[in-house]
Amino acid sequence: MATLEIRDLHVSVDAEGEPKEILKGVDLTVRQGETHAIMGPNGSGKSTLAYSIAGHPKYTVTGGQVLLDGQDVLSMTVDERARAGLFLAMQYPVEVPGVSVANFLRTSATAIRGEAPKLRTWVKEVNSAMAQLQMDPAFSERSVNEGFSGGEKKRHEILQLELLKPKIALLDETDSGLDVDALRVVSEGVNRVRESGEVGTLLITHYTRILKYIKPDFVHVFAAGRIVESGGAELAQVLEDEGYEKYTGVQAEDDIKAGA
Amino acid sequence: MSQPEQSKGATTAAAVSVAGPGAGAPLAGPGTGRTHSEVLASRGERPTSYDPADFAALTGREEDWRFTPLKRIGKLHQGVPADGTDKVELSLPEGVTAEQVGHDDPRTAKAGAPIDLVAALAYAAVEQATVITVAKESVLTEPVRVDVHGEGGTAYAHLVFDVKPFAEAVIVLAHTGTGVRAANVDLIVGDGAKVTFVSVQDWERDAVHLAQQNTLVGRDATVKSVNVTFGGDLVRITPNVRYTAPGGDAELLGLYFADDGQHLEHRLFADHSVPNCRSRATYKGALQGDAAHTVWVGDVLIRAAAEGTDTYELNRNLLLTDGARADSVPNLEIETGEIVGAGHASATGRFDDEQLFYLQARGIPEDEARRLVVRGFFADVVRRIGVPDLEQALMTKVEQELAR
């Protein structure tokens, strides 16, 4: 069973030449089949967590460990992490002009699976996944993310999730910028992947809205660079009712201590 | 306000100057007491002539030569005599004829006069121009091909493609081999004709090639003029577009890939002198290796009479390694406000780390991700050509460059 272990993770970014610590000791274990929601206010570092695990060069890990099935993720290159079974659905997917979706998906699937998928079955696989996400087949001829609407970008991310079948999926604010219909379609895509029971999901969100469609097993409140409270799905309801004020208070106090 | 509302004479990098109609500009050239090294008020005032004597000797400090290392152009600016030969193969589908004519034939002076000394010297050095004619209303199913293989030495050429009204043609002019070459290439696009013209500079590494390309666009005619420059030690192409009547549409496309020490230069000029014409320029270049140098200059002039003009030019350069240099200079001069649109964009940058991260985060190894981005960068231009066989051949060339 695949397990992602995050142990006392500290991460900094370069802020005008000075390292600025964003993650201040994150501990979390995500097992295959589980869904963890990470909720927190803007600027709490929850997206940094996702990007650090995926290996974005902007972030410097200054302490701690990330292990996937006991393997040291932090010593791997970005593409090695993906081939090891990590997937990051991005909040702002990047445009790659001149590279068609079809070419991109096939290149990616070839890299992840270690061999080129057989053309016949591949086309069927892509077409059926696109149909389920209510994507026009003409979509595959467009350049990756170029001129995509917000909803199209998110569908495209979830399409990749379905095709690449990772062990651990990190979904960074997949719900942001989606109308209700798109949110439902995208959530159904995530749920299809979850139903396989073969993926562990880390769902990062600011709002509880997506949790109506994707039921988490665990909810973690993220504030000031670490998890400050963990609970079951019921914790989301508390956040819905009470907001993050209680935790942002903690953040302010923490900063005072840190500065002392 | 310290800046005057009307700026006259701005031809600096990325300048947009709006001059009043008929704004006076001093003429330059012999007899005027002015030299070409002075910045002229308007691109439209730059002299053109078939006679080399009308051009001053080059110093390299002239506005239009300042990027070109004259030491490396094989004395083409000093009237070096021809001593080399080309192997030329013509592939002419039905409806297309070729003939050799002297400069007394008016077709050799129809598309435009030389804009600089090297083009004038090349014009003067050629006794017989090759005129290739696509008959009126003929719709070609196969491309016209002119394959030029340089066999060393210095040589001059003048090619005229005369596409008669309402004809439709794809014309490919391909350069391989080596030598020092200066050429004038004219494309006359008759009224209502549709032409795709592609000039491929696939020279060996030591070749020198300077060419002026003149395109004359007829009434309601459509032309795509494409330059593909990968080879050579120094290549300098100057495409010029003029319109004879309203309704002309010119799309100028280009891709270039400079390796170690190569100098690849493209200087475009779209001269809008009649109403309701359109021009689009999209040039993309990649550079890799030490002292790889590319130059792109895009001059667009919208004269006072050219109301309803629609123009946009774009240049993008991708620096794949340190030590390479890309110069990019769009110039837009507008003498009438009654236009549909006029704009330009220029950007030169390194690999986008975010693109690489995105592709790598999908399991694609870094070197493959880089190739994918460069392929995509060029595919974006290539797919606008609209001739599938050609597009595929060009993407194969891109692959070969990337494999170097």
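## A tour from a helix to aromatic rings

Start by selecting A:Glu162 with its surroundings: beyond the neighbours within four places in sequence, A:Glu162 is in contact (heavy atoms within 4.5 Å) with A:Gln132, A:Leu133, A:Gly189, A:Arg192 and A:Val193. You are viewing a predicted model, where local features need pLDDT of at least 70 and side-chain atom pairs count only at pLDDT 80 or more, while totals for chains, interfaces and linings use all residues. Residues are numbered from 1 along each chain as its sequence is written, chains are lettered from A and ligands numbered from 1 in the order in which they are written, and side-chain values use heavy atoms, with hydrogens and water left out.

Stay on A:Glu162 for a moment. A:Glu162 counts as buried because its relative accessibility is 11%; buried means under 20% relative accessible area, exposed over 50% and partly exposed in between, with a 1.4 Å probe and protein chains only. This residue is found in helix 5 of chain A. Helices (H or I, at least four residues) and strands (E, at least two) are DSSP runs, numbered from the N terminus.

Now show helix 5 (residues 150-164) of chain A, which lies across strand 6 and strand 9 (168-172) of chain A, at about 165 degrees to strand 6. Such angles run from 0 to 180 degrees between N-to-C directions, with axes fitted to C-alpha atoms, for helices over the stretch in contact.

Next, colour the sheet. In chain A, 6 strands form an open sheet in the order 6-9-10-3-11-12, with mixed pairing; two strands pair if DSSP finds at least two bridges between them. Its edge strands are strand 6 (86-89) and strand 12 (226-231) of chain A, each pairing on one side only. From one strand to the next, the twist averages 20 degrees.

Zoom in on strand 11 (residues 218-223) of chain A, which runs antiparallel to strand 12 of chain A and is joined to that strand by 5 bridges. Here A:Val221 stands opposite A:Glu229 of strand 12.

Switch to chain B and select B:Arg236 and B:Trp65. The charged end of B:Arg236 sits over the ring of B:Trp65, 3.5 Å from its centre; this takes NZ of Lys or CZ of Arg within 6 Å of the ring centre and within 35 degrees of the ring normal. For a last stop, select B:Arg362, which lies over the face of B:Tyr358, at 5.0 Å from the ring centre.
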